[in-house]
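Grab a pencil and work through these exercises with the structure open beside you. Try each task before you read the solution under it.

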Amino acid sequence: MSRFNRSAPAPALSGAPHSPVRSTGQVAATALGAVGRLRDARSELFLLAVAHFVTQRTFHEDAGPRDDRYTALVRELAVEDPQWTAGLLGWLRGEGNLRTAALVGAAEYVKARLDAPRAASAAAQAQAPAPSNRQVIDSVLRRADEPGELLAYWTAVHGRNVPKPVKRGVADAVRRLYSASSLLKYDTATKGFRFGDVLNFVHAVPDPAKPWQGELFRYALDRRHHPESAVLPEGARTLAAHQALMELPVGERRAVVTGPGGAERLAAAGMTWEALAGWLQGPLDAAAWEAVIPSMGTMALLRNLRNFDGAGVSDEVAASVAERISDPEAVARSRQFPFRFLAAYQHAPSLRWAHPLERALGHSLAAVPALPGRTLVLVDRSGSMWSPLSDRSQLNRADAAAVFGTALALRAAAADLVEFGTGSAPVPYAAGESVLKVLERFGDLGGTNTTEAVRRHYAGHDRVLIVTDEQAVRHRAGDPTEQVPAEVPVYTWNLAGYQVGHGPSGGANRHVFGGLTDAAFHMVPLLEAGRDARWPWEA
């Protein structure tokens, strides 16, 4: 049974194109007292999931209630609509690139399915066949440390009696993910569940197509429980190279790294930048960074620009870093959200990173469509948008919203870009201008008077797009979408995932998308071409 009364029917669609996110028609108050709309369970879970960093609080909602709302919705829909929920979880970890929400969601999905009365579960399965519980667990485990993370969550929340579907799904992922390089990178003392612990729990059988994996599993178990006598698997060159480095006397290590072939030796041994300082037992100076930089990934490079400058890496090496982080293919492979590049730009210590980061941000937004006609883009710069995206991030929702709004405006045939809060004002820009330069013109505008901003700036545009957390103040004229003629599409881009939206959604010309990826931008031209937009994993 749902925690919320969603018995009211959704708005009639009348055969018109519509977005998948729908309101129920029930009226509720936003966090600031405006009249809003409750969404149906699937829409509420989708928006919460794509905007949700588990255990993180937001401006209007503490972490605990927000996490509880997420897990309750997953459990509800795992029983009522398992096929849809399984699709969401797989998409979250894949294209959505949201690790924790996917792992927690998969665990709660399976727990709810196992706890549900058999008749209810069978009825839902007969209506829309869903993947097995085992397949759902396997689908969200994409990195070699994630089997351990999922088991750590399960045992902390549901106890050490781990059911067979969870064990089998984890075992499937272990066969897929465990290798010598992943062992070196992720099987560390800081992990609550080491590789050996996972293998003890799930009793994974080695993949027949990987004849070396059985010996690797044995070594992982010995390394965990009998490290003093653990013997390397025969022929494991990466592990052997790593052990040779670990056996070097501390006083000789820095010379090996900085001498001829040092970079190649680190790469061959699977030595990560995180482990290098501990191995050297001293700080990473310019020579050490220059040796490990060639084997670092794009995200690792972005995180360490300040460290590179602090250590004084050479201009030649810095140029190679700049080339790598701004390479279009590398940006695409990194699957990083555009706000990651914005955060790196805002906190980069020197100007030599500014241009490559600007180019990288541009590449990450390349999929934004060029909308025809006239577009009104409204960007929320109210107080609630200035809270950070997570406790681990210095970037706030206000700047993330400005990046997306500006990208849309720059790509559109003709767009009016507006920032709003208590008041509102146009944000000037020129065709072909840098997103980051335009971003400097946005301000901090206090409250969230979305309706007044729409009333003031809508002037016969062909569409309206609002980037916001939807927590608007009450206005005598009604909700923001009511200020636009019914035949004109209004797209709300929700960055926070609160329960109550600022207007109806799911009906003709009223659409809500969510999260911080550009995936839903593709739905705008589809909707306007007269096609229904499906959930991202159904497209």
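**Exercise 1.** Is Gly 423 buried, partly exposed or exposed?

*Solution.* One thing to know before we start: what you're looking at is a predicted model.
Step 1: find the residue. Gly 423 sits in the loop between β4 (414-420) and β5 (424-426).
Step 2: read off its relative accessible area, which is 37%.
Step 3: compare that with the cut-offs. Buried means under 20%, and exposed means over 50%. Gly 423, at 37%, is therefore partly exposed.

**Exercise 2.** How are the rings of Tyr 178 and Phe 195 arranged?

*Solution.* A quick reminder: to describe a pair of aromatic rings, you give the distance of the centres and the angle of the planes.
Step 1: take the distance. The ring centres of Tyr 178 and Phe 195 are 3.8 Å apart.
Step 2: take the angle. Their planes are at 5°, so this pair is stacked.
Step 3: Tyr 178 is in the loop between α8 (164-177) and α9 (180-186), while Phe 195 belongs to helix α10 (residues 195-202), so the pair ties together parts 17 residues apart in sequence.
Step 4: check the accessibility. Tyr 178 has a relative accessibility of 2%, so it counts as buried. Phe 195 is buried too, because its relative accessible area is 4%.

**Exercise 3.** What kind of aromatic pair do Tyr 178 and Phe 217 form?

*Solution.* 
Step 1: the centres of Tyr 178 and Phe 217 are 6.3 Å apart, with 90° between the planes.
Step 2: that makes the pair edge-to-face.
Step 3: Phe 217 is in helix α11 (residues 213-225), and the pair links distant parts of the chain, 39 residues apart.
Step 4: with a relative accessibility of 6%, Phe 217 counts as buried.
Step 5: zoom out. The chain has nine aromatic pairs. Elsewhere, ring pairs join Trp 273, Trp 289, Phe 308 and Trp 353 into a cluster.

**Exercise 4.** At what angle do the axes of α7 and α10 cross?

*Solution.* For two packed helices, you quote the angle between their axes and the distance between the axes.
Step 1: helix α7 (residues 146-158) and α10 cross at roughly 65°, and their axes come within 9 Å.
Step 2: the crossing of α7 and α10 is left-handed.
Step 3: list who touches whom. Pro 147, Gly 148, Leu 151 and Thr 155 of α7 meet Val 198, Phe 201 and Val 202 of α10.
Step 4: sort them by class. The contact of α7 with α10 has five nonpolar, two polar and no charged residues.

**Exercise 5.** Which residues make the contact between α21 and α23?

*Solution.* 
Step 1: Helix α21 (residues 338-347) and helix α23 (residues 397-411) pack at about 115°, with their axes 10 Å apart.
Step 2: the crossing of α21 and α23 is right-handed.
Step 3: α21 brings Pro 338, Phe 339, Leu 342 and Gln 346, and α23 brings Asp 399, Ala 400, Val 403 and Phe 404.
Step 4: by class, the contact of α21 with α23 has six nonpolar, one polar and one charged residues.

**Exercise 6.** What is the phi of His 203, roughly?

*Solution.* 
Step 1: the phi of His 203 is about 55°, a positive value, although His 203 is not a glycine.
Step 2: His 203 is in the loop between α10 and α11.
Step 3: its relative accessible area is 59%, so His 203 is exposed.

Methods. Residues are numbered from 1 along each chain as its sequence is written. This is a predicted model: local features need pLDDT of at least 70, side-chain atom pairs count only at pLDDT 80 or more; totals for chains, interfaces and linings use all residues. Side-chain values use heavy atoms; hydrogens and water are left out. Axes are lines fitted to C-alpha atoms, for helices over the stretch in contact, and angles run from 0 to 180 degrees between N-to-C directions. Helices (H or I, at least four residues) and strands (E, at least two) are DSSP runs, numbered from the N terminus. A crossing is left-handed if the near helix is turned anticlockwise from the far one by less than a right angle, and right-handed if clockwise. Contact means heavy atoms within 4.5 Å. Ala, Val, Leu, Ile, Met, Phe, Trp, Tyr, Cys and Pro count as nonpolar, Asp, Glu, Lys and Arg as charged, and the others, Gly among them, as polar. Rings of Phe, Tyr and Trp (its six-membered ring) pair if their centres lie within 6.5 Å; planes under 30 degrees apart count as stacked, over 60 as edge-to-face and the rest as tilted. Buried means under 20% relative accessible area, exposed over 50%, partly exposed in between (1.4 Å probe, protein chains only).
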